[in-house]
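Here are my notes on the charged pairs. Please read them with the model open.

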Amino acid sequence: MQIGTVIGNVWATRKEEDLRGLKFLVVQGEYPDGSPCEIPLFVAVDKIGAGVGDRVLVTRGSAAANMDSDTKLPIDALIIGIIDSVDVEKGG
């Protein structure tokens, strides 16, 4: 899983039939402290109602593609949670 912030929307009126009704958001990956990480921006499917500015938890790869038990979808990132807070212990 990965932490990120939603920074935009992707509008696609024509898309694969199995993707109809799904919302696509642009996500910037980040470290737990909120600073951006080096990975490129990516597009994630959202079924939970996230929006621009939300910090989100994203699953990637086969777990995202198998979000629907009936069909393996052609996606590689799925928003699975909207983050309320992140607490990280600092090592010494």
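**Notes on the salt bridges**

1. Start with glutamate 30, which sits in the loop between E2 and E3. The model is a predicted one. Glutamate 30 is buried, at a relative accessible area of 10%, because the cut-off for buried is under 20%.

2. Which residues does glutamate 30 contact, leaving aside its neighbours within four places in sequence? They are Ile3, Gly4, Thr5, Ser35, Pro36, Cys37 and Arg55. With threonine 5 there is a polar contact between side chains, at 2.6 Å. Valine 45 is 15 residues from glutamate 30 in sequence, and their C-alpha atoms are 18 Å apart.

3. Side chains of opposite charge can pair when their charged atoms come close. How many salt bridges does a search of the whole structure find? The count is 2.

4. One of them joins the side chains of arginine 55 and glutamate 30, with an N to O distance of 2.5 Å. Arginine 55 belongs to strand E4 (residues 55-60) and glutamate 30 to the loop between E2 and E3, so the bridge ties together parts 25 residues apart in sequence. Arginine 55 is partly exposed, with a relative accessible area of 23%.

5. Lysine 23 and aspartate 46 also form a salt bridge through their side chains, at 3.1 Å from N to O. This pair links distant parts of the chain, 23 residues apart: lysine 23 is in strand E2 (residues 23-29) and aspartate 46 in strand E3 (residues 42-46).

6. Lysine 23 is partly exposed, at 32%.

Technical notes. Residues numbered from 1 in each chain as written. Predicted model: local features only at pLDDT ≥ 70, side-chain atom pairs only at ≥ 80, totals over all residues. Heavy atoms only, no water. Salt bridge = Lys/Arg side-chain N within 4 Å of Asp/Glu carboxyl O. Helix = DSSP H or I, 4+ residues; strand = E, 2+ residues; numbered from the N terminus. Buried < 20%, exposed > 50% of the residue type's maximum accessible area, 1.4 Å probe, protein only. Contact = heavy atoms within 4.5 Å. Polar contact = N/O pair within 3.5 Å; in protein donor to acceptor, adjacent residues only side chain to side chain.
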